[in-house]
Amino acid sequence: MQKSKALLIGFCLLPVLLLHAQDCHLALRGHIFESETGEPLAFASVSIPEAEKGAVADENGYFFIAGLCDNRKYTVEISHVECDHFSQALQIRENTEMDFRLTHNTVLKEVVVREKALAPQTAQAESTVGREEMEATRGINLGETLKRLPGVTTLNTGATIAKPVIQGLHSNRIAIVSNGVALEGQQWGSEHAPEIDPFTADKIVVVKGAAGVRYGAGAMAGAVVLSPAPLRKEEGWGGWLALGGFTNGLGGVFSGSTDWHLPGKSLTIRLQGTAKRSGNLRAPDYYLGNTAASELNFSAMAGWKSSRWTHEVGASTFNQRLGILRASHVGNLTDLQLAIESPTPLNNTDAFDYGIERPYQHILHHTFKYKTEFQLTEKWKLTGQYAFQFNNRKEYDIVRFTGTASDKPQLSFRLWTNTLDVAVEHRPWAHWQGGLGVQGVQQTNFVGTGGLIPDYHTKGLSIWAMERWRRFPNPWEFEFGARYDYRRTAATTDGSLQNIDTLVHFGNISATAGAIYHFSKNLSVTLNTGLAWRPPHVNELFARGVHHGAGTYEQGRADLIPEKAWNSNLTFLWQKDRTEVMLTVYRNQVRDFIYLDPQRTFVLTVRGAFPAYYYKQADAVLGGFDASVSLPLSGGLYLESRVSLLRGYRLAADTVTEGETRHDWLPLMPADRFQYGLKWAKGSGSKSAGDTYLRLMAMTAMRQSRIPGEGLLKEAPSAFTTLSLDAGYSLYLNKMPLELGLSIQNLANIRYREYLNFFRYFADEPGINIGLRAKLSFGG
Amino acid sequence: MTYTTSSIRTLLSIAVFALFLFAGCKDNNTDTEQENITSIEIDLAGFNINQKFYWKDLDGPGGNPPVIDTIVLPASTLNITGRLKVYDESKNPVDDITEEIEAENTAHLFVYSVANADLIIEPNDTDDNGDPFSLVTVWKAGQPSTGTLNIRLYHEPTDKMNTANPGGEADFDVTFPVRIE
């Protein structure tokens, strides 16, 4: 029956295809429910008069209509003996899944509550950055946007360099994916922030737990996934302009994006750009000398369709200069100890300035990608993507002789990455939906002499498959995936890629299995368990040098083996009306976790003696609890709270009893933190005039008392509470929506230091920062 | 079909745009500039002494440990002139950094601290502002004894009079064994 229906649809489709160059390949899949009970309505008849198409829902309220045209106005009419006639105007732009809620013989009709593309949903723990929070923090940096999510914190080197930390892990252990391309920079460095312009993203999702199957070896602890807004489907122009200003650092940001859909064609072109400038930030008591920053980013995208093909081209360039706090620059251990003991930063220029002096970083990142999709059959789709990335990171240190010094950097990393992805994906087929694919990666890193890491070539090949099962109204959903990655790295430590002296290769399996059980339409439980791994990075294999910021001498180890993680997440989700409660417990067991082990010896250098740390491996366990709660009170008030708790330890050789092991806390684990506050909102929340919201949040970070046995260079900072305020108001200006916003960080202007900020040795965190923003959307 | 031609045209213009982007990144800064102090030389002259002592770590931090001479002086010797030289021997030809330090003498300060040995080292020069610099010093050895001599070079010191803590940052911080016999 199913087959003959498909055939019939196929026949209907054929003439449409021949007659119109327009894309009429879209499908609508619907679930019909009774609105009060939430029970599916069986055997309702569905028709779309404009398309001369119809269907009858099955016993589970499911129906499927294919051969709909892109961007055309349709009316969906549903009739059922027990219900009022239902009709709704609809315009679809991609394969769409929708819920329709019918009422029992009354005049009321309910509108769509859920609309989403047919892309495979994940059975993994995820957090999505709220729209309001994204708008409020986007002008600052990506880290600031992400750290409001439960289970996500940042690893900072001052206020301007922030790296996301997911459930305690960061850098090479997570992936950052922007517009479908996994970012390839010098992620290994703790002071290397992601090269991302948050204004290119319309949606940011943090995937928690082993995400290696979907995002490759390395996404061991999760992934940050940024997606741009879909390209404009209507003819003509559209876009937005955003302007923001901040009092701390007297910073300004300007960003704009415009889409042009060519008349009579399927082609849309987007141009986007962001310019940003800020001066020295100020802690409550002093300016933070040399913390100015500037950024200039551009991106372009184009997408078009032709019968069964979909194409997308994208290019972006990221150009950033970041001043590094002058007071953080120390010559040797004595200097570092003096700096740590001093309550105020030493060698600090306590004045406002936009200038960026040495030490500073200058980072360029260019990306080009081409993606194509070919609709093989009604159900099967072939996708291909090629991406090229070039990353150039230049680090300018303080030089001894200003008179003779050139403008050359002291370190320059250049990294070229090519990736090619080919995949086949299918729509639900016997209730299974998923795909399989291959990926090839090629990478060349050039540091030149004197670098911290060697030059290398890497080649990699991966193969993956992922499937998901759902059969409504069965309360179970399942997801399975597996992947094999192979990486081969040829490195040289003598500065010339002609003389390869080390060859390492690693291969391993990643796997994921997830299940969702829907207790009711409001409550679901998700269990995900996965295996992930990552090969040791070149810095862990070959590092040899003094890490001045940390005051340590670090030495790599060429015989390190890959880290293997077994990660499990259990999530409870309760959603009813406007109440949402999400609780996640997780455990991540990492075999051969790579860490820096203190040697209790000193390495003598011309700048004095530095404590030696060697890279070592031991088993580690990270476990924790993330929660987010949003409860409506009365009068548009909501209570919001987020909690992130984490414990991480490794098994260390016991120094007392030979051959015994003991638990030792892992260094740099985020302290427990709690966010709580009130939000007041008025209006529909969907960008209509008069929408207003105000949110006052407090964030309490506890003192990290679980520190490694060897102690810390400087004791962990005390607990603190910061206050923040966000507000937004929407109105119309010449029929164009204008959103105005106010955000205040560190409202009480308190002095505090963060455990996960390397500059806690030298200076306080920035004080109060008032931001004002405006965003004007045009072109409807 | 005009459709195809125009989409090819668009693709081309995008390619040109991309080329422009990537052409922009071809900077000429192919090499970097590293400053490495590998060697410190102490030249001692006067009072029948004409000797050089070295502290050398040619392969930089880690790897082979530094090679350090023991400063041996006869007891009861006065008015020895000490002069420091600083080299980067990782470069070819060897880079004599001393000249650059002298050229920027107001931004540099050498500090000497002796432990246990009966040795007194006093400045014998000043910088262009008349403040301490101490590249050239006068040494006085007393009774037979052993100990250490620590020499530091400070860059951009904030208080040149306070030799215990002049501020700025240490460019080098080396320690020699000392024997007076």
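I began with the accessibility of Lys735(A), which is exposed at a relative accessible area of 78%; exposed stands for over 50%, buried for under 20% and partly exposed for values in between, using a 1.4 Å probe and protein chains only. This is a predicted model in which local features need pLDDT of at least 70 and side-chain atom pairs count only at pLDDT 80 or more, while totals for chains, interfaces and linings use all residues. Residues are numbered from 1 along each chain as its sequence is written, chains are lettered from A and ligands numbered from 1 in the order in which they are written, and side-chain values use heavy atoms, leaving out hydrogens and water.

I then looked up the backbone of Lys735(A) and noted a positive phi of about 70°, although the residue is not a glycine. I placed Lys735(A) in the chain A loop between β39 (720–733) and β40 (736–745). Strands are DSSP runs of E with at least two residues, helices are runs of H or I with at least four, and both are numbered from the N terminus.

Next I turned to Gln167(A), also not a glycine, and found its phi positive, near 45°. Is Gln167(A) buried or exposed? I recorded Gln167(A) as buried, with a relative accessible area of 5%.

Finally I checked cis peptide bonds. In chain A, the bond from Arg358(A) to Pro359(A) is cis, with omega near 0°. I found Pro359(A) in the loop between α5 (333–341) and β22 (360–375). In chain B, the bond from Asn92(B) to Pro93(B) is cis, with omega near 0°. Pro93(B) lies in the loop between β5 (77–88) and β6 (95–96).
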